[in-house]
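Subject: Structure handover and findings

Hello,

Here is the structure for your files. My notes follow below it.

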Amino acid sequence: MPTLGTQTIQSSYTQLLKTDGLGGIDATLQAVTDGDNTVSALELSSAGVRSTGTLNAVGATTLSSSLTVTGAVTLSSSLGVTGAVTFSSSISATTGTATIGTLSASTATISTATISTATISTATISTATISSATIPRVNGVTTFATGFTSSTGTNTLGTIESTTINNTGLATVGTLEIGATGPSITKVSFGTAAFTGSTFQDLDSATAGSNVTTGTFAVTGAALGDIVFGGLTSIGSSTGTNATLAQRLIPSFRVESADTIRYVILNTDIVSHGTTPAGTLYATAMRFTA
């Protein structure tokens, strides 16, 4: 801009900036105009500044109070805000990093986010790394497409209130209550073992051999007091002197000691004896609390 010192008022007055009021700057926003009364996009008052056009800050910009944005925000570098931030439209960061200490949003759509603390009523998130999240209650249908995955740490859900939970991935639940006033399941353990086959005598011929076969196998997590359900895959293929042998074999399972299941298969028939072929033993130990 040329200096005014060598110019006449007639030739330079259009270069001067002024407000559109007659009393100078006051508490009311006034448009800044040039000497020819061309209105600029800048408005000034003793209380604040407003721009109706494009605002571009080349250097660092520090906001020490609240920021309200009604349009889209595009960040080509980092944004640091110490006060509250309210966005009525979207935030788009093309490059750099947007770091938000606390985010409160009624509805948020986030493609990738790193959030230290978030309270969100409704969220659609493609990829999120959340170090701490408070979810007060989930009512209605809760769908987990691939379950919860943590690279480190543990996802802990205190209480899920839902009529339906659909989960095609892996979900770990500490305590599960069945029904409104039903018992709570605190532990479920499962294990299998190879069964090599066994010959059973009938009760009348037990002196020539045993009508019982028994043994143990490992089920990690099982403990005394657990309720155990189990079976043998080959028990229905048992052969004997008549067709009733497989129907008269009774398998039972119990916890013998920590991580160890005892199985007993008893032939209760008084006339039929025969052989049960090799198969697989399986057992599930369940722990309940009132």
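In which strand is Thr213 found? Thr213 sits in strand 16, residues 212-218. Helices (H or I, at least four residues) and strands (E, at least two) are DSSP runs, numbered from the N terminus.

Before the rest, the ground rules. This is a predicted model, where local features need pLDDT of at least 70 and side-chain atom pairs count only at pLDDT 80 or more, while totals for chains, interfaces and linings use all residues. Residues are numbered from 1 along each chain as its sequence is written, and side-chain values use heavy atoms, with hydrogens and water left out.

Overall picture

The protein has 2 helices and 22 strands. Of its 290 residues, 22% are buried. Buried means under 20% relative accessible area, exposed over 50%, and partly exposed in between (1.4 Å probe, protein chains only). The protein exposes about 19200 Å². Carbon and sulfur atoms supply 55% of that area. Areas come from the Shrake-Rupley method with a 1.4 Å probe; for residues, only the protein chains shown count as cover. Take the contacts with a separation of 6 or more: 46% of them link residues 24 or more positions apart. Contact means heavy atoms within 4.5 Å.

Thr213 and two other threonines

Back to Thr213. Its relative accessible area is 12%, so Thr213 is buried. Setting aside neighbours within four places in sequence, Thr213 touches Phe195, Ser198, Phe200, Tyr263, Val264 and Ile265. The side chains of Thr213 and Ser198 are joined by a polar contact of 3.5 Å. That term covers a pair of N or O atoms within 3.5 Å; within protein, one must be able to donate a hydrogen and the other to accept it, and residues adjacent in sequence count only if both atoms are side-chain atoms. Thr213 and Tyr263 are 50 residues apart along the chain, with 8.3 Å between their C-alpha atoms.

Thr33 belongs to strand 2 (residues 30-34). Thr33 is buried, at 1% relative accessibility. Beyond neighbours within four places, its contacts are Leu16, Leu17, Lys18, Thr19, Asp20, Thr38 and Val39.

Thr127 is in strand 10 (residues 117-130). Thr127 is partly exposed at 46%. Its C-alpha lies 4.9 Å from that of Thr112, 15 residues away along the chain.

The core

The largest nonpolar core holds 19 residues. Phe217, Phe253, Ile261 and Ile265 have the most contacts inside it. Two or more core residues come from each of strand 14 (184-195), strand 17 (227-232), strand 19 (249-257), strand 20 (260-267) and strand 22 (279-289). A nonpolar core is a set of buried Ala, Val, Leu, Ile, Met, Phe, Trp, Tyr and Cys residues joined through side-chain atoms within 4.5 Å. In soluble globular proteins, nonpolar side chains tend to be buried together.

Leaving out neighbours within four places in sequence, Phe217 contacts residues including Gly191, Phe253, Asp259, Ile261, Tyr263 and Leu281. Asp259 deserves a look. Asp259 is not a glycine, yet has a positive phi of about 70 degrees. Asp259 falls in the loop between strand 19 and strand 20. Asp259 is partly exposed, at 34% relative accessibility.

Salt bridges

How many salt bridges does the structure hold? There are 4. Each is a side-chain nitrogen of Lys or Arg within 4 Å of a carboxyl oxygen of Asp or Glu.

Asp226 and Arg287 pair at 2.7 Å, N to O. Asp226 is in the loop between strand 16 and strand 17 and Arg287 is in strand 22, so the bridge ties together parts 61 residues apart in sequence. Asp226 is buried at 10%. Arg287 is partly exposed at 26%.

Glu256 bridges to Arg254 at 3.7 Å, N to O. Glu256 also bridges to Arg262, at 2.7 Å, N to O. These shared partners join Arg254, Glu256 and Arg262 into one network. Arg254 is partly exposed at 46%. Glu256 is partly exposed at 34%. Arg262 is partly exposed at 21%.

Surface patch

Leu4, Ile9, Tyr13 and Leu16 form a nonpolar surface patch of about 390 Å². Patch residues have over 30% relative accessible area and no salt bridge; like charges are joined within 9 Å, and nonpolar side chains (Val, Leu, Ile, Met, Phe, Trp, Tyr) within 5 Å. Tyr13 lies in the loop between helix 1 (9-12) and strand 1 (17-19). Tyr13 is partly exposed at 37%.

Best regards
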